[in-house]
Amino acid sequence: MSTVAENVASHLLKIKAIKLEPAHPFTWASGWKSPIYCDNRKTLSYPEVRNYIKEQFAALIREKYPQAEVIAGVATGAIAQGVLVAQELDLPFIYIRSSAKSHGLENLIEGEYKAGQKVVVIEDLISTGGSSLQAVEALRNAGCEVLGMAAIFTYGFQKSVDNFEAAHCELTTLSNYNAMIDLAVKTGYIQESDVEKLKEWRKSPETYK
């Protein structure tokens with residue numbers, strides 16, 4: 001039987017939300033060279049994929065965080081995902097901007113919430129975890145209790161693991177880099193000879209060429 005991690009990885013590869021090019025690395029905005037490019041916004045364009053991810057997020061939250069009172073999305077990639085999950089769970093939704101507005105009420109958190117409410121944060125992708133944890137910090141500064149974060153996919157960098165531990169924030173992802181590589185080899189998407197290169201990249205992405 002396929003696991004959720006394998007099913008999500010399969011969906012992401014099928015719709016090319018994840019692209020693997022070990023021989024022709026992509027360049028990220030940070031300047032890092034990478035054999036993988038992940039754009040989970042694409043999942044929103046495919047109802048079957050979108051619904052599967054929504055349902056798995058909802059099942060995860062029901063199991064791990066039944067006391068959740070609010071769903072929060074991290075702008076911009078996880079706003080739509082968060083709305084879908086909040087709708088499925090019949091819970092209020094808010095979202096956290098990357099920076100406060102420079103006009104009007106200058107909000108950093110958009111939507112209705114109260115200090116003391118229990119929040120689960122939805123994210124689309126975890127790389128180092130920096131921007132995701134900024135959202136957690138904003139919620140905590142606003143008086144909310146962050147129960148944990150749920151994301152579609154993580155590269156599994158040690159830096160992100162360390163960052164989440166330091167922030168005392170539990171992270172659960174639907175799929176991950178290892179599950180994706182295993183599936184990509186199994187289905188012939190990549191060759192066995194590519195695996196070592198893909199694993200080396202994750203160990204030291206900032207020096208990969």
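User: In this predicted model, how many of the residues of strand E8 are buried?
Analyst: Strand E8 covers residues 118–126. A residue counts as buried when its relative accessible area is under 20%. By that cut-off E8 is mostly covered, and the number of buried residues is 7 of its 9.

User: Which residue of E8 is the bridge partner of Ile71?
Analyst: Strand E5 spans residues 70–74. E5 and E8 run parallel and are joined by 4 bridges. In E8, the bridge partner of Ile71 is Val120.

User: Over how many bridges does E8 pair with strand E9?
Analyst: E9 is made of residues 145–154, and its pairing with E8 is in the parallel sense. Lys118 has Glu145 as its bridge partner in E9. Val121 is bridged to Met149, also in E9. The pairing of E8 and E9 runs over 8 bridges.

User: How many of the residues of E9 are buried?
Analyst: With under 20% relative accessible area as the cut-off for buried, E9 is mostly covered. The count is 9 of its 10 residues.

User: In what order do the strands form the open sheet?
Analyst: The sheet has 6 strands, and their pairing is mixed. E5 is joined to E8, and E8 in turn pairs with E9.

User: At about what angle does helix H6 run to E10?
Analyst: Helix H6 consists of residues 177–186. H6 lies across E9 and E10. Its angle to E10 is about 10°.

User: Are helices H1 and H2 roughly parallel or roughly antiparallel to each other?
Analyst: H1 covers residues 4–14 and H2 covers residues 47–64. Their axes come within 11 Å and cross at roughly 155°. Angles over 145 degrees count as roughly antiparallel. H1 and H2 are therefore roughly antiparallel.

User: How do the residues of the contact of H1 with H2 divide into nonpolar, polar and charged?
Analyst: On the H1 side are Val4, Asn7, Val8 and His11, which meet Glu48, Val49, Tyr52 and Gln56 of H2. The residues of this contact divide into 4 nonpolar, 3 polar and 1 charged.

User: What is the handedness of the crossing of H1 and H2?
Analyst: The two helix axes cross at roughly 155°. The crossing of H1 and H2 is left-handed.

User: How do the residues of the contact of H2 with H3 divide into nonpolar, polar and charged?
Analyst: The crossing of these two helices is right-handed. H2 contributes Arg50, Ile53, Lys54, Phe57, Ala58, Ile61 and Arg62, while H3 contributes Gln81, Leu84, Val85, Glu88 and Leu89. The residues of the contact divide into 7 nonpolar, 1 polar and 4 charged.

User: What is the omega of the peptide bond from Ala75 to Thr76?
Analyst: Thr76 is in the loop between strand E5 and H3. The peptide bond from Ala75 to Thr76 is cis, with omega near -5°.

User: Is Lys14 buried or exposed?
Analyst: Lys14 lies in helix H1. Its relative accessible area is 68%, and the cut-off for exposed is over 50%. Lys14 is exposed.

User: What distance separates the C-alpha atoms of Lys14 and Glu112?
Analyst: Along the chain, Lys14 and Glu112 are 98 residues apart. Their C-alpha atoms are separated by 37 Å.

User: What is the relative accessibility of Lys16?
Analyst: Lys16 sits in the loop between H1 and strand E1. Although Lys16 is not a glycine, it has a positive phi of about 60°. Lys16 counts as partly exposed, at a relative accessibility of 47%.

User: What is the relative accessible area of His168?
Analyst: His168 belongs to the loop between helix H5 and E10. His168 is not a glycine, yet has a positive phi of about 55°. His168 is exposed, with a relative accessible area of 69%.

How values were computed. Residues numbered from 1 in each chain as written. Predicted model: local features only at pLDDT ≥ 70, side-chain atom pairs only at ≥ 80, totals over all residues. Heavy atoms only, no water. Axes fitted to C-alpha atoms, helices over the stretch in contact; angles between N-to-C directions. Parallel < 35°, antiparallel > 145°, perpendicular 65-115°, else oblique. Left-handed = near helix turned anticlockwise from the far one by under 90°. Contact = heavy atoms within 4.5 Å. Nonpolar A, V, L, I, M, F, W, Y, C, P; charged D, E, K, R; others polar. Pairing = 2+ DSSP bridges. Buried < 20%, exposed > 50% of the residue type's maximum accessible area, 1.4 Å probe, protein only.
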